[in-house]
Amino acid sequence: IAEQARALRDQLNQYAYQYYVMDQPTVPDHLYDEQYAKLVAIEAAHPELITPDSPTQRVGGLIQEGFQKVVHDVPLYSLNDVFNQEEIIAFDQRVKKALGDQVTYVCELKIDGLSISLKYQEGRFVQGATRGDGTIGEDITENLKTVRSIPMTLKEPLSIEVRGECFMPKSSFVKLNTEREAAGLDVFANPRNAAAGSLRNLDTSVTAKRNLDTFLYTLADFGPLEVSDQYTALAELQKIGFHTNPERRLCQNVEEIWAYIEEFHDKRSNLPYEIDGVVIKVNDFSQQEDLGFTIKAPRWATAYKFPP
Ligand SMILES: COc1nc2nc(N)nc(N)c2nc1C
């Protein structure tokens, strides 16, 4: 029976990886539901077989008194913003003045959500925290366990720390506000506020019902991973179990960066999540190290913000 539970757990977690991380559902919902019901029945009869990474634990139910503070081993820095093409040209010139002309950039969408940091030990999710002031955040581990796209176990037994964004898809935001309005409750102003309110809720069963999602984009502590650039790091993050944003693109120069910005300025209203800009990064990690940081932000990245 323990073998049956483990087999069902692994199968259901693989379905979830395909659905939430690879955005490629492999089984119809009813088949997932049937196997899920079998696991619920086994765990009800044999609670000692319940494991932290069982899909049945995603529904939350813990009521917390408050959130502990977490000191980030690696501070979560912020980005310098730019607002037009001239400033991007200036960014590119500063970078090339320091590194020479052989620089490739990677462009990523800037998701309008909540920054989170996730820690894993030997492949197991051990702690999740908000950005806070960049040095001290709030421990929201229990809430993050209910976010389906956050893996409880990685595909490899890695001890790493990753950073990214937790957000509420537009469709979930509309559904939630419709329900709240019908219930005479205050509505959320925007998906970012809804995500923040859902994640930092002391009742994790509330978080579990809010259909939050994630896009991870930074390896803060690589552990044993040998990755030399950002574009490869994003592929690696996906391979080991994290949801990454598929719209990333390598750009050789300002023209390609600006083309990406214009493309997603036009596509913005049709994306299933809100974005407030584009993040441009020097792709190569050794070049990032050469450029380093100012007091608060990397010299090797900038955030282009769309006009309001
Ligand atoms: C390198 O540091 C960062 N990278 C980022 N990348 C994306 N896609 N979105 C962000 N919001 C973001 N924020 C920071 C501080």
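**Cavities and salt bridges**

Two strands, strand 3 (105-111) and strand 8 (213-221), each give at least two residues to the lining of the largest cavity. Keep in mind that this is a predicted model.

How many cavities of 30 Å³ or more does the structure hold? There are two. The largest cavity contains about 80 Å³ of space. Around the largest cavity you will find Glu108, Leu109 and Ile111, then Phe215, Leu216 and Tyr217, and also Leu234, Asn245, Glu247 and Arg248. By class, that lining has six nonpolar residues, one polar and three charged.

Next, the second largest cavity, with a volume of about 50 Å³. Here strand 1 (69-71), strand 4 (114-121) and strand 5 (124-130) each supply at least two lining residues. The residues lining the second largest cavity include Val70, Val71, His72 and Asp73, along with Lys119, Gln127 and Glu161. The count by class is four nonpolar, four polar and three charged.

Is Asp73 buried or exposed? Asp73 counts as exposed, at 58% relative accessibility.

Over the whole structure, the search finds 15 salt bridges. I will take two others.

One joins Asp53 and Arg9, with the closest N and O atoms 3.9 Å apart. Asp53 belongs to the loop between helix 2 (29-45) and strand 1, while Arg9 belongs to helix 1, so the pair ties together parts that are 44 residues apart in sequence. Asp53 is buried, with a relative accessible area of 12%. Arg9 is buried too, with a relative accessible area of 10%.

The other is between Arg6 and Glu3, where the closest N and O atoms are 2.9 Å apart. Why would these two be separated by about one helical turn? Because they are three residues apart in helix 1 (residues 2-21). Arg6 is partly exposed, its relative accessible area being 34%. Glu3 and Arg6 also belong to a network of salt bridges that takes in Asp10.

Notes:
Residues are numbered from 1 along each chain as its sequence is written. This is a predicted model: local features need pLDDT of at least 70, side-chain atom pairs count only at pLDDT 80 or more; totals for chains, interfaces and linings use all residues. Side-chain values use heavy atoms; hydrogens and water are left out. On a 1 Å grid over the protein atoms alone, a cavity is a set of points where a 1.4 Å probe fits but cannot get out, and a pocket is an open set with protein on both sides within 12 Å along at least five of seven lines; lining residues have an atom within 4 Å of a point. Grid points are joined across faces, edges and corners, and a volume is the space filled by probe spheres set on the points. Helices (H or I, at least four residues) and strands (E, at least two) are DSSP runs, numbered from the N terminus. Ala, Val, Leu, Ile, Met, Phe, Trp, Tyr, Cys and Pro count as nonpolar, Asp, Glu, Lys and Arg as charged, and the others, Gly among them, as polar. A salt bridge is a side-chain nitrogen of Lys or Arg within 4 Å of a carboxyl oxygen of Asp or Glu. Buried means under 20% relative accessible area, exposed over 50%, partly exposed in between (1.4 Å probe, protein chains only).
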